[in-house]
Amino acid sequence: MRLRQPWLEKFALYSLLPAMVLGLSGCGGSSSSSTSTTPPTPVNNTQAVEVNFGPANNYTNGLFTDVTICVPGTTNCQTIPNVLVDSGAEGLRLLSSAVTLTLPTVTDNSSNTLQECYGFADGSYVWGPVAGADIQMAGEKASSVPIQLISDSSQFPVPSACTSGGGSNENTVAALGANGILGIGNFRQDCGSGCASTSNPQALYYLCPNSVCQVASVPLAYQLQNPVWMFPQDNNGVLISLPAIPDTGAQTVPGSLIFGIGTQTDNALGSAQVYTTDASGDFQAVYNNIAYSNSYIDSGSNALYFLDSGTLGIPDCTDNPGWYCPGSTVSYTVTNTGLNGTSGPVSFNIANADALFLANSGNNAAFNNLGADSGTGTSSDYVDYGLPFFYGRNVFVGIENQPGPNGAVGPYWAY
Amino acid sequence: MKTFLAAFVILLLGSTPAWAVLGEYENSVTTDQQHLHAQLRETARQGYSVKQLSSADGRTVTEYVSPDGLVFGLSWQGPTLPDLRQLLGSYFGQLQQAAQSRRQHHGPLVVRTKNFVLESGGHMRSFHGRAYAPGLLPAGLSAEVIR
């Protein structure tokens, strides 16, 4: 239990509307929701997901699902379609324009609403208030979860630190390509202890008294939560299961997001190997005898972002910049090693992206062999296994500090 | 009050390094108050020097400086992205242009132009990347040193 009493006292200034207080004190106060003595009755833990072009009709390799949110403790609910499933992030973020419910916001004791700036590696970001909602998926329900409402107004000007990555404010369907992002990655919170630090909190959360936004230190329980670990059961991770697809791509790909790992008959590890990650969610990938130690698996990345054209000896595309366009499909094998020493090869193909995007009259949204430039040879210290990695595999995402099968404890990947 | 005190103590103990800007001379930049919490480590290499700044929130920025003091490259790692507007200076506009005009990609960002290269990857809790000005590399030096 990381949220100890002294923290609660120190952060007594934070208050929530009544429904939120109940839910969050439950989250912070119990040591683990998986320690109950009587096993819960199995619930439907399978959420339908699909790869398609998404609501902006232009997303390549985007994995989408529907998420139901409710005003905490009520049956006043709304189902938001076309939410991107992102294993490289934590927490639910929804375009405020897609939410018709009035949700209670997280405030300090001066009624200043907690705001968040969440940035991505490409410099783009989302900005907006933190609110509380019950989250329902399949038969699972997480109560009073802090989520982000991505702001489409300028109630508070976006802090300069939020825009210093150089990218776009993804606050519309056109910009985000989705109605929201469902972060179901390796961690309980989106930020963790770095944002709870009182001396040097990371610049994610803000309070904006008098419309001047300043970085706020926020205890774990008030940060955006991975909803999965807040389920009463099936809360130690997820299994993303997508079928294999043809090498020329597929128009849509139906699949499953299954909650829990080894908690029901449908989410056993089976033959999957467990690769534990470092404290940041990364592991080592070795290609051509060079180790890339910050490698990761990310359903929210839409390609295999793998080194650069010079290192791989294949050309970049001319029609579609940043993608690879080999004359014929090339196979690569990379060896992944977890922190626990588990090691195994991963093989994948990279095909000509110009040709892929033209196949089936341009109607394919899913490709298992789409590769992109991520950096120059030995200076790039990662391989980003995006959605192509997931086709034809069962990929398990183990959440930090949550016990899994065979003694596995998150953060880990298993496949 | 506690927050204020803690920051004050670190300020007194830490050095007050200037954060240099890509393409500018390291002595031409003013000290950035926001980054006073950083600790500085300098290393001389064959034909250039390396200036590494580690800030208290876990971010590291490494600057690569030519013998005459010009910042020709930089790299970063940390739980959040660094302030690229400040670090890239006049090159920031090229990053903005590339990042905001990019289509179809959802993942790491790579910018390659004749006078500016940027590679930015990772995810929350673990970002890493580098940027450099190819035309400013000291003669005979490979961009591979920037990592």
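Let me begin with chain B, where an open sheet of seven strands runs in the order S1-S2-S3-S4-S7-S6-S5 with antiparallel pairing. Strands here are DSSP runs of E of at least two residues, helices are runs of H or I of at least four, and both are numbered from the N terminus. Two strands pair if DSSP finds at least two bridges between them. The edge strands of this sheet are S1 (39-45) and S5 (109-112) of chain B, each of which pairs on one side only. From one strand to the next, the twist averages 10°, where axes are lines fitted to C-alpha atoms, for helices over the stretch in contact, and angles run from 0 to 180 degrees between N-to-C directions.

A word on provenance: this is a predicted model, in which local features need pLDDT of at least 70, side-chain atom pairs count only at pLDDT 80 or more, and totals for chains, interfaces and linings use all residues. Residues are numbered from 1 along each chain as its sequence is written, while chains are lettered from A and ligands numbered from 1 in the order in which they are written.

Within the chain B sheet, strand S3 (residues 60-65) and strand S4 (residues 71-78) run antiparallel and are joined by six bridges. B:Val65 is placed opposite B:Val71 of S4(B).

I turn to the contact between the chains. Chain A contributes 50 residues and chain B contributes 41 residues, two residues being in contact if their C-beta atoms, placed from the backbone, lie within 7 Å. On the chain A side there are 11 nonpolar, 32 polar and seven charged residues. In this classification Ala, Val, Leu, Ile, Met, Phe, Trp, Tyr, Cys and Pro are nonpolar, Asp, Glu, Lys and Arg are charged, and the others, Gly among them, are polar.

Next, chain A as a whole. Chain A holds six helices and 24 strands. Its C-alpha atoms fill a box of roughly 60 × 50 × 40 Å along the principal axes. Of the 415 residues in chain A, 55% are buried. Buried means 20 or more other C-beta atoms within 10 Å of the residue's own, exposed means 12 or fewer, and partly exposed lies in between, with C-beta atoms placed from the backbone. Among contacts in chain A with a separation of 6 or more, 71% involve residues 24 or more positions apart.

Chain A is divided into domain 1 (5-230) and domain 2 (263-414), with bounds from an automatic or database domain assignment. The C-alpha centres of the two domains lie 26 Å apart. Their contact takes 26 residues from domain 1 and 28 residues from domain 2. On the domain 1 side, the elements giving two or more residues are S2, S3 and strand S4 (77-86) of chain A. That side divides into 12 nonpolar, 12 polar and two charged residues.

A:Gln47, A:Val49 and A:Val51 form its covered face, whereas A:Thr46, A:Ala48, A:Glu50 and A:Asn52 form the uncovered one. S2(A) pairs antiparallel with strand S14 (residues 253-259) of chain A over six bridges, and A:Val49 stands opposite A:Gly255 there. S2(A) also pairs antiparallel with strand S3 (residues 62-70) of chain A, over three bridges, where A:Val51 has A:Leu63 as its bridge partner.

A further open sheet in chain A has seven strands in the order S20-S19-S16-S17-S22-S18-S21, with mixed pairing. Its edge strands are S20 (343-350) and S21 of chain A.

Finally, some individual residues. A:Asn368 lies in the loop between helix H6 (353-358) and strand S21 (371-372) of chain A. A:Asn368 counts as buried because 25 C-beta neighbours lie inside 10 Å. Not counting residues up to four places away in sequence, A:Asn368 touches A:Ile245, A:Asp247, A:Pro388 and A:Tyr391.

Most residues other than glycine have a negative phi, and most peptide bonds are trans. A:Ser111, however, has a positive phi of about 65°, and so does A:Ser211, also of about 65°. A cis peptide bond, with omega about 5°, joins A:Gly410 and A:Pro411.
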